[in-house]
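Subject: Structure for your review

Dear colleague,

Please find below the structure that I am handing over to you, followed by an account of what was found in it. I would be grateful if you read the account with the structure open beside it.

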Amino acid sequence: MKRLLISAALLSSFASAQIALLPLDSRPVNRVYPVKLASLKDKETRVLPWYRLGRGQTSGDIEIMHEWIMQQTDAEVLIVSLDSVAYGGLVQSRGVDLPAETAIERLKVVREWKEKTGKPVYASITIPRHPDAKFRERNLTVIREMMQWAKEGVFTDLRVTWDDAVTGSPAVKEAESLKPLLAPNIRLYPGADEVASALVASYLSPEPRTLRVVFSDPAKAKEVIKYDGLPLIDSVKLHAGSVGFQVVEENADLTLFVFNGSKQDPRFTAIALNRLSGPLSVVDINRVNQGTVRLWKDLTTLKRTPDLMSLSGWGTPGNNLGTALAHAKLALSGVDPEKQQETLAYEYANDVLFSALLRPDIRKHFQENQMGSKEAWEYLQKVIPELKLFSGYVIKGAGLPWDRSFEWEFDVEKAEP
């Protein structure tokens with residue numbers, strides 16, 4: 001009876017949703033941000049509740065996930081993390097002791113949904129990071145089978161991405177071994193947590209666009225970059241292609257400015273960046289998981305930040321490129337100006353104010369194993385009013401959903417007059 005009540009609740013929630021999203025895990029970048037992007041195009045999104053998804057070392061509820069997928073027959077598209085369906089989440093895909101045959105059997109629910117509805121499935125699966133992954137060959141066997149399913153038409157779009165390719169990681173070589181299996185509906189590139197956003201953008205804004213790329217340090221862009229495992233310029237092109245951008249030299253629909261370091265003070269970079277004309281997005285990869293405060297403060301002082309198509313600086317190079325380009329692709333296709341401003345404010349709050357200012361501050365006051373404490377959350381509420389946004393937006397309802405300092409969950413809204 002309890003199971004039936006749970007199923008009924010899941011079925012009734014967001015009954016008018018047009019997109020069904022089963023994310024990689026419960027982190028806001030996977031569960032919340034793609035929904036915000038879909039709302040730019042006035043699309044409602046149905047998402048499995050956070051407590052049924054993977055959270056740290058706790059697996060998502062795989063049985064509930066399978067039930068939930070088969071309840072989404074009224075959705076117009078299924079956007080799904082195959083790692084969640086097979087293993088229970090990204091963390092679990094690295095370490096759970098599960099035969100490839102069992103993982104593939106679990107994934108048949110996605111194939112069944114496709115056969116039952118005839119509607120598109122946009123899917124992703126991850127080559128896990130080193131050295132966390134304990135069963136690499138198992139993961140590769142499952143990935144190869146999913147690539148075969150894509151060729152058979154189960155997936156309209158399949159993303160195979162490699163996660164956190166640090167020095168010595170076998171992931172890049174493993175990705176290379178998969179290239180002979182590629183097909184027009186399969187993409188292979190670095191990343192993980194940005195993929196749901198890229199899939200949302202690909203579904204809602206499929207038209208091709210052109211992209212001009214400007215680096216703060218062009219010579220450095222040719223070097224292999226940490227966590228992507230290939231030259232930055234190549235990663236940019238792969239992520240651009242993942243949402244339908246073609247990189248050109250000039251006269252582009254969008255200019256992407258990539259801050260990949262500079263010998264000058266960031267304020268000079270901000271001034272040079274401010275001279276760029278036309279639709280502009282800014283991706284800050286100068287530091288992993290941390291925005292460059294000086295650059296963003298100067299851009300905001302110059303009143304350029306609210307005019308951007310998108311911005312990013314929260315994660316790895318691939319994470320930042322993927323989320324910013326996904327947002328920009330949707331913004332270029334025509335969106336409500338107020339929703340666009342709200343999404344920009346959300347990005348700024350997360351990628352700059354939290355990653356560059358609040359996270360280092362809260363780490364000074366609490367140990368990592370204290371981030372789930374009442375005191376840490378109370379401190380978070382205390383300092384939030386000190387974080388200044390633009391366009392009249394303020395931060396509301398913040399917390400640390402994984403009881404750690406890496407990510408927070410929050411929302412932004414217009415301040416009361």
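Ser 355 is located in helix H15. Please note that the model is a predicted one. With a relative accessibility of 1%, Ser 355 counts as buried, because buried means under 20%. A polar atom of the Ser 355 side chain lies 3.2 Å from the backbone nitrogen of Gly 291. Leaving out residues up to four places away in sequence, Ser 355 touches Asn 289, Gln 290, Gly 291, Gly 313, Asn 350 and Pro 360.

As background, nonpolar side chains tend to be buried together in soluble globular proteins.

Which residues does Leu 232 touch, not counting those up to four places away in sequence? They are Phe 215, Ala 221, Glu 223, Ile 225, Val 258, Asn 260, Ile 285 and Leu 321.

Ile 384 is found in the loop between helix H16 (374–383) and strand S14. Its relative accessible area is 8%, so Ile 384 is buried. Apart from neighbours within four places in sequence, Ile 384 is in contact with Ile 395, Ala 398 and Trp 408. Between Ile 384 and Glu 347 there are 37 residues of separation in sequence and 15 Å in space, C-alpha to C-alpha.

Ser 205 sits in the loop between helix H10 (195–204) and strand S7 (209–215). Is Ser 205 buried or exposed? Ser 205 is buried, with a relative accessible area of 0%. The side chains of Ser 205 and Glu 207 are joined by a polar contact of 2.5 Å. Not counting residues up to four places away in sequence, Ser 205 touches Val 243, Lys 329, Leu 330 and Ser 333.

Leu 302 belongs to the loop between helix H13 (293–301) and strand S13 (310–312), and Leu 302 is partly exposed, with a relative accessible area of 35%.

The remaining points concern the backbone. Most residues other than glycine have a negative phi, and most peptide bonds are trans. Lys 303, in the loop between H13 and S13, has a positive phi of about 60° although it is not a glycine. Lys 303 counts as exposed, at 65% relative accessibility. Asp 403 is not a glycine either, and its phi is positive, at about 55°. The place of Asp 403 is the loop between strand S14 (393–399) and strand S15 (409–414), where Asp 403 is partly exposed, with a relative accessible area of 34%.

Where is the cis peptide bond with an omega of about 5°? It joins His 130 and Pro 131. Pro 131 lies in the loop between strand S4 (121–127) and helix H8 (136–152).

With kind regards

Terms used: Residues are numbered from 1 along each chain as its sequence is written. This is a predicted model: local features need pLDDT of at least 70, side-chain atom pairs count only at pLDDT 80 or more; totals for chains, interfaces and linings use all residues. Side-chain values use heavy atoms; hydrogens and water are left out. Helices (H or I, at least four residues) and strands (E, at least two) are DSSP runs, numbered from the N terminus. Buried means under 20% relative accessible area, exposed over 50%, partly exposed in between (1.4 Å probe, protein chains only). A polar contact is a pair of N or O atoms within 3.5 Å; within protein, one must be able to donate a hydrogen and the other to accept it, and residues adjacent in sequence count only if both atoms are side-chain atoms. Contact means heavy atoms within 4.5 Å.
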